[in-house]
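Me: I'm new to this one. Can you walk me through it? Show it first, please.
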Amino acid sequence: MDLKETMAINLRRIRHEKNLTQEELADLAGLSARYIGAIERADKSATVTVLGQISMALGVEPADLLTKAN
């Protein structure tokens, strides 16, 4: 599993834990819902800036989105 897939899995899991829709997260992060969806499907890679925006919107550390679950 590559880093893009790891982020996709973690992003979806954390977003669901926070009871947020893709649209709500996108609004909080200042991004489009289509872009959030593409990251969650591992179709797109997030830049470091976008990683920061998403982690801030979710209230987690950026590393939480990039660390493989055991």
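Me: R15 and E40: buried or exposed?
Reply: Both R15 and E40 are buried. Buried means under 20% relative accessible area, exposed is over 50%, and partly exposed lies in between (1.4 Å probe, protein chains only).
Me: What am I looking at, and how is it numbered?
Reply: This is a predicted model, where local features need pLDDT of at least 70, side-chain atom pairs count only at pLDDT 80 or more, and totals for chains, interfaces and linings use all residues. Residues are numbered from 1 along each chain as its sequence is written, and side-chain values use heavy atoms, with hydrogens and water left out.
Me: What does R15 form with E40?
Reply: A salt bridge, with the closest N and O atoms 2.5 Å apart. The term means a side-chain nitrogen of Lys or Arg within 4 Å of a carboxyl oxygen of Asp or Glu.
Me: Where do the two residues lie?
Reply: R15 is in helix α1 and E40 in helix α3, so the pair ties together parts 25 residues apart in sequence. Helices (H or I, at least four residues) and strands (E, at least two) are DSSP runs, numbered from the N terminus.
Me: How many salt bridges are there?
Reply: Four. One of them joins E40 to R12, at 3.9 Å between the closest N and O atoms. E40 sits in α3 (residues 33-40) and R12 in α1 (residues 3-17), 28 residues apart.
Me: How accessible is R12?
Reply: R12 is partly exposed, at 31% relative accessible area. E40 has 3%.
Me: What about E17 and R13?
Reply: Their side chains meet in a salt bridge too, 3.3 Å from N to O. They are four residues apart in α1, so about one helical turn separates them. E17 is exposed at 52%, and R13 is partly exposed at 37%.
Me: New topic. How do α1 and α4 pack?
Reply: Their angle is about 25 degrees, with the axes 11 Å apart. Helix α4 covers residues 48-58. Axes are lines fitted to C-alpha atoms, for helices over the stretch in contact, and angles run from 0 to 180 degrees between N-to-C directions.
Me: Which residues make the contact?
Reply: M7, L11, I14 and R15 of α1, and L51, I54 and L58 of α4. Contact means heavy atoms within 4.5 Å.
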